[in-house]
Amino acid sequence: MAVLPLVSVILPTLNEEKTIEKTIISFIESDYQNVELIVVDGMSSDRTREIVERLKEKYPNKIRLLENSKKYTPSGINIGIKNANGKYIMLASGHASYSKNYISACVQALENNECDVAGGVMEVLPRSSNVKAVAISEILKHPFGIGGAKYRTNNQKKEYVDTVAYGIYKREIFEKVGLFNEELIRNQDIEFNIRLKNAGYKILLIPEARAYYYARDTYTKLWQNNYSNGFWVTHSSKFVKRAYRPRHLVPMLFVLYLISLLLLLLPVNRVLKFLYTLPASLYLALSIYFSSQVAIKHKKIALVPYTFFSFLVLHISYGIGSIVGIFKNRR
């Protein structure tokens with residue numbers, strides 16, 4: 001029987017005590033056993049390292065724990081890549097778990113030379129059962145919330161895409177394209193995938209491989225995360241050219257439009273005022289409609305206001321972050 005190629009799974013972590021054990025166990029129980037787990041911890045202040053150390057003792061020779069003194073994700077990923085021994089390298093997350101066949105399904109596509117990067121569909125799950133947490137998890141997998149990212153919208157067919165959430169890469173990619181840009185604190189994957197695609201490499205979505213991402217469960221955390229995403233999607237252009245796609249600027253344009261609505265407080269033609277408020281009215285109608293769909297899906301009418309507000313927080317925080325990122329570039 002042929003020996004399966006070694007897969008190095010890199011897990012950059014920072015304060016992941018709530019989910020890291022689920023993450024590691026999902027790999028331990030995988031149907032693909034030739035795996036090395038490389039946890040690169042960014043100086044966690046919670047119990048993350050303690051949990052990983054305990055699991056290391058329980059599963060010897062399966063887990064390695066490295067330190068990332070710079071704390072941020074791209075430096076953690078790069079440390080992991082430099083210390084990886086595998087033919088293939090998976091970039092995973094410490095706040096997600098993975099289906100038993102995640103690695104095997106992706107490796108099969110890689111071994112058949114169907115692609116250079118393979119990754120699965122990401123299912124967003126609530127971290128708790130309260131209404132707010134459910135609403136936030138729903139908007140993070142809804143096309144109205146996050147756009148057309150196929151790995152997030154429960155795609156059912158194998159196809160080539162611009163990105164996947166937790167990809168398994170041929171090792172040669174990093175040797176040719178380079179490592180992740182450590183100046184990009186967030187959204188470093190967007191810039192890396194542009195380099196990857198420009199080099200002619202192909203990314204394949206494998207629908208039978210599933211990752212389960214545990215969404216943030218408060219509006220404060222939702223705002224902070226997406227403000228940061230928006231900020232770095234534009235601020236990254238200070239460090240690299242063509243660091244994002246035009247579609248990433250849609251929330252920023254939406255926020256600028258909302259700000260411009262203040263001009264309607266001035267006397268203007270009624271027809272012009274009506275026409276100019278149409279986009280805002282359409283957004284309001286769509287948000288209420290999709291929020292109602294979520295409520296019907298869960299058979300819980302209380303979800304409507306929570307989902308509506310979650311859409312608003314998601315879009316506005318990302319848009320404001322993008323605006324601030326552009327202003328920072330001018331300094």
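## Exercises on a predicted model

The model is predicted, and local features need pLDDT of at least 70, side-chain atom pairs count only at pLDDT 80 or more, while totals for chains, interfaces and linings use all residues. Residues are numbered from 1 along each chain as its sequence is written, and side-chain values use heavy atoms, with hydrogens and water left out.

### Exercise 1

Task: Classify the ring pair F174 and F192, and state where the two residues lie.

Solution. 
Step 1. The ring centres are 5.7 Å apart and the planes meet at 25 degrees, so the pair is stacked.
Step 2. F174 belongs to helix 7 (residues 171-177) and F192 to helix 8 (residues 188-198), and the pair links distant parts of the chain, 18 residues apart. Helices (H or I, at least four residues) and strands (E, at least two) are DSSP runs, numbered from the N terminus.
Step 3. F174 has 7% relative accessibility and counts as buried; F192, at 0%, counts as buried too. Buried means under 20% relative accessible area, exposed over 50%, and partly exposed in between (1.4 Å probe, protein chains only).
Step 4. Ring pairs also link F144, F254, Y283, Y289, F290 and F311 into a cluster.

### Exercise 2

Task: Which strands pair with strand 2, and in what sense?

Solution. 
Step 1. Strand 1 (residues 7-13) and strand 2 run parallel and are joined by seven bridges. Two strands pair if DSSP finds at least two bridges between them.
Step 2. Within strand 2, I38 is the residue opposite I10.
Step 3. Five bridges connect strand 2 with strand 3 (residues 63-67), again in the parallel sense. L66 of strand 3 faces V40 as its opposite residue.
Step 4. From strand 2 the chain passes through helix 2 (residues 48-58) to strand 3, a right-handed β-α-β crossover. A crossover is right-handed if, with the strands pointing away from the viewer, the path from the first strand over the helix to the second runs clockwise.
Step 5. A right-handed β-α-β unit is also made by strand 1, helix 1 and strand 2.

### Exercise 3

Task: Determine how far helix 1 and strand 2 are covered.

Solution. 
Step 1. In helix 1 (residues 20-28), seven of the nine residues are buried: I20, T23, I24, I25, S26, F27 and I28.
Step 2. In strand 2 (residues 35-41), seven of seven residues are buried.
Step 3. In a regular strand the side chains alternate between the two faces of the sheet. In strand 2, V35, L37, V39 and D41 lie on one side and E36, I38 and V40 on the other, and both faces are covered.

### Exercise 4

Solution. 
Step 1. Strand 4 runs parallel to strand 1 over four bridges, and L91 is the bridge partner of I10. With strand 8, strand 4 pairs in the antiparallel sense over three bridges, where Y88 stands opposite K170.
Step 2. K170 lies in strand 8 (residues 168-170) and is buried, at a relative accessible area of 12%.
Step 3. The K170 side chain reaches the backbone oxygen of C115 at 3.4 Å. A polar contact is a pair of N or O atoms within 3.5 Å; within protein, one must be able to donate a hydrogen and the other to accept it, and residues adjacent in sequence count only if both atoms are side-chain atoms.

### Exercise 5

Task: How many residues does the largest nonpolar core have, and which have the most contacts inside it?

Solution. 
Step 1. A nonpolar core is a set of buried Ala, Val, Leu, Ile, Met, Phe, Trp, Tyr and Cys residues joined through side-chain atoms within 4.5 Å.
Step 2. The largest has 53 residues, and V9, I24, M90 and I103 have the most contacts inside it.
Step 3. Helix 4 (residues 102-111) gives this core its largest share, seven residues.
Step 4. A separate core of 23 residues includes I77, V161, F174 and I203.

Technical notes. Rings of Phe, Tyr and Trp (its six-membered ring) pair if their centres lie within 6.5 Å; planes under 30 degrees apart count as stacked, over 60 as edge-to-face and the rest as tilted.
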